Amino acid sequence: MLSPINQHATVQIKMPAGRARMVLALLILGLIGLLMRAAYLQGLQNDFLQQKGEARYSRIVEMSADRGMITDRNGEILAISSPVASVYADPQAITITPAQLKELSELLAMDEAEIERRINREQSRFVYLKRQIVPEIAERIHALRIPGIAFETEFKRYYPEGEGAAHVVGFTDINDQGQEGVERGWNAVLAGEMGSRRVLKDNKGRIIEDVENIRAPKPGQDVILSLDRRIQHIAHRELKKAVAVHKAKAGSIVALDAQTGEVLALTNFPVYNPNSRSSINSERIRNRALIDTFEPGSTLKPFPVAVAIEAGHVNPNTRFQTSPGTFKVGRSVIRDVRDKGVLSVAEVIQVSSNVGMVKIALSLPPQTLWEIYSNTGFGLPVGTGYPGEANGLLRPYNRWRPVEQATMSFGHGISVSLMQLARAYTIFTTGGELKPVTLEKQEFPVMAQRVISSKTALAVGRMLEMATQAAGTAPLARVNGYRVAGKTGTAHKLVDGKYAKDRYISSFVGYAPVSNPRVIIAVMLDEPSAGKYFGGEVAAPVFSRVMAEALRILNVPHDASATDMVWFPAALTEDQKG
Amino acid sequence: MILFRFNLILIALLVICALGVVTIQHEARKLNMAWENERKTARKLQIEWGKLQLEQSTLIARRQIEYAAREQLNMEIPSANSVQIISAKKADESRWVVLDNAKSY
């Protein structure tokens, strides 16, 4: 049975021929349109669209690179980075209830009004609420779940030795860039370079595929300094004490390894604490031992004597008349503290006679004197890499007047940094070679430059040892159980181009043990004003205390009998009688 | 007919391979995620290590130790008078002297 519809369908309906063709044409047109659109998207806009698509799941992730540590020669840490959190807000996205605001202000230890002011900057999309807070507090703020508040991990620098090593190590600014000291001079080595990579993330934000490394992170390298934290501590402690006791304006101390020129300790006073920025000011920041110069006074005397002996002008026993304790050079008068009579060259050093010194120096051509100063590194930066090293002042010899040649022989009219002074003494500890000073630990023996013969070095060394004997200027520099050599310096301070009558710079440079020198220590106190001001009274005791500890720390064998050495204690003999 | 069967087999193979690709991809992503987590842990441990180093370094600061020894334990550095330096060679000699003396008692 046929349905009525089929019955109708059998009826042929004649359509106009044009309509079918038109439909066909429209369809083809539509197809062409689609094809063109497809070609357009596929061909011309392909890159753009693919980018758009990728942006939905592909992300660039930063890979952090830590700043390197700074350690002492034994690997003890002097500076290290530790993560902290910085809290920031997006003022356009933030919604905060009064209760949350109160909690936030408590956690951040900030005024509610201050927070309000910051998050109400409508036009901005990023504002720091507080930088560098401890991670635990950041956790608790995170737990408040305030929309529009987020965190950023930053690294803060910590300095475990505090002010003790501040002048060498320096500090970084809030953006982790070195500002002073080794942090600045070695910034390129210490700083890490952030890396980044492209990854795919799923809808929950988990990384599901590593696509490519865009830039590998380059972690900062550690810097191993030549400092010994133990000696550094002792040096700092004793200097601080001495500056306080003698009411000095400032002070510096440098300890060098006598054989390699490595800096074992270096500190100054006044000083700052690198862990608290508020203690930093331009006075305290100065690493005086390296960047300030002063007229050293008698601590320079061994050098003209060395060159005079080297040139054969004198020998240690050549005698000079220093009576009556004054000596006229041109229109100026050179003075000794008192009339010291006839002195041998060795005694000139031992009792530090200016008159004797000038007589020795004037027997030399100016060029010879200039050469010994120049060859021992005065007038040139010491080359440690520390930012802002001083050159000091050593004027060319062809412009010297006789009186200048005279004063220069006992350390006036020439200015040096304490580091230069300490380094110059390496010629006496190494048998005539000037060692370069370094702040970095040296693994291999360093190249040195010969300045005087080892015979001369030994002869001058003997004179320097005499200076620490009872008849010398620095008996207070002695160390129990060791032979000590050194030279005191007491210089009138130059104020507005004139020597001040009552202001002094007291210094002492020396080394021990004499039989096999291991440590050179140079001490300088600026304007000691508690009555005492002679280098032998002010600076030498500091030298002695630091040297005693340094030799003990370095396990240096004794080379002299200690004054109170006892072979066996009574208790022990009692025991053995037993 | 043979051709039709061959096609069927190919289709089956294709489906198996496709499923394999999906499974492996999933597996790879899971492993990647695990690796990512390990990386995070490593980073965390590295940071922790840094913190511990800092802590150790702060605890062994000489001024702290010195303070503790002086103030809390009432210790002091012996004066030069109370220190006795024994040289190995001389000590050996004097030991025999002492022993000789001991015998005579």
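Which loop of chain A is the place of P270(A)? Select the stretch between strand 10 (263-269) and helix 11 (282-285) of chain A, and P270(A) is in that loop. Helices here are DSSP runs of H or I with at least four residues, strands are E runs of at least two, and both are numbered from the N terminus. Now show the bond from F269(A) to P270(A): it's a cis peptide, with omega about 0 degrees.

Before moving on, some ground rules. This is a predicted model, where local features need pLDDT of at least 70 and side-chain atom pairs count only at pLDDT 80 or more, while totals for chains, interfaces and linings use all residues. Residues are numbered from 1 along each chain as its sequence is written, with chains lettered from A and ligands numbered from 1 in the order in which they are written.

Next, pick A512(A) and P513(A), which are joined by a cis peptide bond with omega near -20 degrees. P513(A) sits in the loop that runs between strand 18 (498-512) and strand 19 (519-526) of chain A.

Hop over to Q132(A) in strand 4 (residues 127-133) of chain A. Q132(A) is not a glycine, yet its phi is positive, at about 55 degrees.

Time to zoom out. Chain A has 23 helices and 19 strands, and its C-alpha atoms fill a box of roughly 155 × 65 × 55 Å along the principal axes.

Colour by domain: domain 1 is 62-93 + 128-224 and domain 2 is 229-553, with bounds from an automatic or database domain assignment. Their C-alpha centres are 43 Å apart. The contact takes 22 residues from domain 1 and 20 residues from domain 2 (contact means C-beta atoms, placed from the backbone, within 7 Å).

Last stop: select helix 10 (residues 229-245) and helix 22 (residues 540-553) of chain A, whose axes come within 9 Å and cross at roughly 165 degrees. That makes the two helices roughly antiparallel (angles over 145 degrees, on a scale from 0 to 180 between N-to-C directions). To see the contact, show side chains including I234(A) and L239(A) on helix 10, and V546(A) and I553(A) on helix 22.

Key: Angles under 35 degrees count as roughly parallel, over 145 as roughly antiparallel, 65 to 115 as roughly perpendicular and the rest as oblique. Two residues are in contact if their C-beta atoms, placed from the backbone, lie within 7 Å.
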